[in-house]
Amino acid sequence: MLPDSPTSWADARARFRWDIPARTNIGVDVCDRHCTAPDGAERPAIIVEDADGTVTTTSFGDLKDQSDRLAVALAARGVQRGDRVAVLLPQSVETAVAHIAAYKLGCVAVPLFVLFGEDALEYRLADSGARAVVTDAANVGRVLDLKARLPDLSCVLTAGGATGAAEDLHAAMDAADPSGFSPADTAADDPAVIIYTSGTTGKPKGALHAHRVLRGHLPGVEMPHELFPKEGDLFWTPADWAWIGGLLDVLLPALFHGVPVLAHRARKFDAEEAFCLMARHKVRNVFMPPTALKMLRQVKDPARFGVRLRSIGSGGETLGRELLDWGRDALGLTINEFYGQTECNLVLGNCAGLGEVREGSMGRAIPGHTVAIIDDTGTELPAGSDGHIAVKAPDPVMFLGYWNKPEATAEKFIGDWLVTGDTGRMDDDGWFWFLGRADDVITTAGYRVGPGEVEDALIRHPAVRLAAAVGVPDPDRTEIVKAFIVPADTAVLDDPDRQEALAAEIQEFVKTRMARHAYPRRIEFVADLPMTTTGKIQRKVLREHG
Ligand SMILES: CC(=O)SCCNC(=O)CCNC(=O)[C@H](O)C(C)(C)COP(=O)(O)OP(=O)(O)OC[C@H]1O[C@@H](n2cnc3c(N)ncnc32)[C@H](O)[C@@H]1OP(=O)(O)O
């Protein structure tokens, strides 16, 4: 946490000291500790607004009771400390409860995005060796369809009623007796959560984080959210809690500070609806990826909604000067950009309340983190040089490693430096500027998409002989995924009608097999792909082609 009442960024950095207990448990930190204060148990923790407009409030006391019950229920079903508990749920009370229960049991939570397709789900459930899945009626069928191929999976609990081999989540919780339960005594370095993330090649990798990761995030949330928390704060993000942005930039730090979180993620982000939602619930703090801000910017006269935000943090894509100007004009606030990634999050940021914000900059090193520009040998470069953005180990927010992938973990480091894969520049005063990706990873609407994973999905379609995926610039989503496809039937190349129909079919195929957020929004059919002499696709050539 930040020192009390810092007067400037330099003051915050000078007085900052990490204070991470040797024994700490995220589940206890975000929930139980609020129940010891006289009114703590009754304070609102999660406010859900359903798609039909129904609003329900869950207090910290309810969260404690429900998470204790779920921990007991999971244990009764053979789930033990160290086991992986997958959480396949949208923003909801059950998501928070499942995470907290997993942490309290000493298990490792595996958040899974509900927009993942069948192959993406199977891969992550198999790779993590998940013992249990907590899900809901909309998703349980997909889990049960995969279960026979997942030998480690023995327990499926679903909100909304038992079905097939899945037990009803709430019935299991109701039947559990939490009276004798006490949370696992976990060390700060004990594993807590695996969040899958993509690289240029191969399958996604599970970034394994320890219980310390939450406390490591606190200064990185407190600065962009203008010395968060303050009286009356209430947090919301349209980003899903299955990603590090939603989970560790919003849900868990807010609960840690006893601040309520609004749970609502529309099937399709609608800017007017978002303004109404924020006004209705008197939201004060938001994490908005630039793509969402660009959608909000389309709305005329936003003042008419009566939204009264206190802080806006933004990350996952470059924010840019125009959005900053718009935020000041339309919302009366400086949008504080921050930077991090799944393996090592919230290490750079802005805090307008503590001085200037340099337009276009990703910010400065958040107190507690050492960030530098390095070259390929791990040598720190002087101000003004272009190089890799890197974070010095040890750092409480740094991952423990990729799940079961020691070689990939080793490749992520040069000496003590974790290399983010992004390139940038730092000026004389310690402000960082983003230059680009050092690899082929695609950044679209704040999602990190691996071209290899998209290509794997594409070539499973029978009409596709060869495929390449690249990110091409897009005014709204930073980049969109574009696929270059060599069709199995070359006659397609001369038939625009068949191309249109086939493109739509292939898009749907990728959405259902891989993910609904990462499908190629543009497809071009080509006679061949540019290859290196060793047979690798030259994605750079395709990106330049656009
Ligand atoms: C440090 C860091 O890096 S933190 C940043 C981490 N990044 C993130 O968390 C990602 C942030 N981005 C987002 O949350 C979103 O892109 C937003 C809010 C900006 C915009 O959301 P949207 O445009 O509504 O959807 P999103 O980009 O998630 O794409 C999902 C697609 O699935 C569709 N979809 C959503 N739910 C369903 C459903 N149940 N069934 C079918 N389709 C669905 C959406 O309509 C959308 O399709 P379309 O764009 O082709 O119409």
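Predicted model: local features only at pLDDT ≥ 70, side-chain atom pairs only at ≥ 80, totals over all residues.
Local features need pLDDT of at least 70 and side-chain atom pairs count only at pLDDT 80 or more, while totals for chains, interfaces and linings use all residues. Residues are numbered from 1 along each chain as its sequence is written, and side-chain values use heavy atoms, with hydrogens and water left out.

Let's start with the ligand. Around it sit 25 residues, and Phe269, Tyr447, Arg477, Tyr519 and Arg521 come nearest (being near takes a heavy atom within 4 Å). By class, this shell has twelve nonpolar, seven polar and six charged residues; Ala, Val, Leu, Ile, Met, Phe, Trp, Tyr, Cys and Pro count as nonpolar, Asp, Glu, Lys and Arg as charged, and the others, Gly among them, as polar. Its largest share, three residues, comes from helix α11 (residues 290-297); helices are DSSP runs of H or I, at least four residues, numbered from the N terminus.

Now zoom in on the atoms. In the side chain of Tyr519, an N or O atom is 2.4 Å from a ligand oxygen. Taken alone, the ligand exposes 1,000 Å², and the protein buries 85% of that (Shrake-Rupley method, 1.4 Å probe).

Next, the helix pair. The axes of α8 (residues 212-222) and α9 (residues 244-256) come within 9 Å and cross at roughly 90°, so the two helices are roughly perpendicular to each other (65 to 115 degrees, between N-to-C directions of lines fitted to C-alpha atoms over the stretch in contact). Among the residues that meet are Leu214 and Leu218 in α8 and Leu248 and Phe256 in α9, where contact means heavy atoms within 4.5 Å.

Key. Polar contact = N/O pair within 3.5 Å; in protein donor to acceptor, adjacent residues only side chain to side chain. Axes fitted to C-alpha atoms, helices over the stretch in contact; angles between N-to-C directions. Parallel < 35°, antiparallel > 145°, perpendicular 65-115°, else oblique.
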